Amino acid sequence: MGKLGFIKILVIAGEAGRVTRRYPFKPETLVSEDFRGRIEFDETKCIGCGACVNACPPNALELVDKGDGTLLLKYFIGRCIFCWRCIDVCPTGAITGTRDFELATNDVSDLYEVVVHERAECSECGGKYSTIRQKEYVVEAVPITESYIDKCPDCRKNKLLRALERRRGGVYE
Amino acid sequence: MSKFLKKSIWVFHLNTGSCNACDIEILDVLTPYFDAERFGVKLVASPRHADALLMTGPVTLEALPKVINAIEATPRPRILIAMGSCSVGGGIWHDTYSTIGGVRELLKILKEREIEVDHVYYIPGCPIRPEAIIYAIGLIKGLVEKKISSKVKKAVRRTSG
């Protein structure tokens, strides 16, 4: 490169123009349509079935039983790998994906999202099982379940066993 | 945000056992397309010259003593920037035998050994987008507002009783 070599570079730079993004000073659409970002819960649709918890590879979604009649669906964005498998498996379509990538924070508690569910109470033993929203969902889909849905799975099992015992002439308590 | 963060942030890239995806994104931020150097961000070769440590990876047990040495070598006031899902919450490795599971466990260990970290920033993403890193730089320097906050939603029941 001689004395006037920089002119060549000026020509190349002129052809290329300005490539640097002006973000964050100017709002720009930086991400494509296919970009997967943070997920969002619709609390009116979520039934607390735990299908997303089963599907989540890094356990970013967790179901926590608080023991006081509430069931928490916890979403920790800091562990999420944005695979969107939870969206695929959700039976009610309560989870929607966003294109949101601006998630940086200086407080780790900002990265939690919680959906609070009420647990259903068994009419026979008073134990807690499932959630009220899941009960409603099942009755809506299959109305015949209404006769036994207010009992917990254990009580339902015992009822069947007792019925079988009666049929076979066994001892009925 | 404190006063010292307004100057140019020199960063040391600290890989603690990541898969190199986040590391490639950090290099991508330094290219002319995103150009982090317009904010004064510069990669330096030693933690002794750095203001901030860019931590990627879930901190493997093998890397832990070296990570602690690097943090100790950084002059006060020091910033720790946890980048990527592995670093923030342990990611897919949060409960494996060979990692401690992210920056939160690391901070507990640092507290035990009485090594202070002045500021900690968290950037989730797998891998982190270059734009997310630019946004985090803006957040550290006070150019943009924090957009995320914790949410507690209550599920709505349709029937009563």
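Guide: Both A:Glu113 and B:Lys153 are buried, meaning under 20% relative accessible area, with exposed over 50% and partly exposed in between (1.4 Å probe, protein chains only). A salt bridge links A:Glu113 to B:Lys153, with the closest N and O atoms 3.2 Å apart. A salt bridge is a side-chain nitrogen of Lys or Arg within 4 Å of a carboxyl oxygen of Asp or Glu. This pair crosses between chains, from strand β5 of chain A to strand β6 of chain B. Helices (H or I, at least four residues) and strands (E, at least two) are DSSP runs, numbered from the N terminus.

The model is predicted: local features need pLDDT of at least 70, side-chain atom pairs count only at pLDDT 80 or more, and totals for chains, interfaces and linings use all residues. Residues are numbered from 1 along each chain as its sequence is written, chains are lettered from A and ligands numbered from 1 in the order written, and side-chain values use heavy atoms, without hydrogens or water.

Now a second bridge. A:Glu102 meets B:Lys147 at 2.7 Å, N to O. A:Glu102 sits in the loop between β4 (95–97) and β5 (112–118) of chain A, and B:Lys147 in the loop between α5 and β6 (151–154) of chain B, so this pair joins two chains too. A:Glu102 has 12% relative accessibility, so it counts as buried. B:Lys147 is exposed, at 54%.

Next, a bridge inside chain B. B:Glu131 and B:Arg129 form it, with their closest N and O atoms 3.1 Å apart. B:Glu131 is buried, at 3% relative accessibility. B:Arg129 is partly exposed, at 26%. Elsewhere, A:Arg38, A:Glu40 and A:Asp100 are joined into one network by salt bridges that share partners. Over all chains, the count is 14 salt bridges.

Stay in chain B. Helix α5 (residues 130–141) holds B:Ile133. B:Ile133 has 6% relative accessibility, so it counts as buried. Set aside its neighbours within four places in sequence. B:Ile133 is then in contact with B:Glu25, B:Ile26, B:Val29, B:Met83 and B:Ile128; contact means heavy atoms within 4.5 Å. B:Ala36 is 97 residues away from B:Ile133 in sequence, but 8.8 Å away in space, C-alpha to C-alpha.

Look at the sheet of chain B. Its 5 strands run in the order β2-β1-β3-β4-β5, as an open sheet with parallel pairing. Strands β2 (42–43) and β5 (119–123) stand at the edges with a single partner strand each, so one side of each has no neighbour in the sheet. Two strands pair if DSSP finds at least two bridges between them. β1(B) and β2(B) pair in the parallel sense over 2 bridges. B:Val11 stands opposite B:Leu43 in β2(B).

Helices come next. The buried residues of helix α2 (residues 64–73) of chain B are B:Leu64, B:Val67, B:Ile68, B:Ala70, B:Ile71 and B:Ala73. Their cover includes β1 (10–15), β3 (52–56), β4 (79–83) and α4 (103–112) of chain B.

Finish in chain A. A:Phe6 lies in helix α1 (residues 5–16) of chain A. A:Phe6 is partly exposed, with a relative accessible area of 48%.
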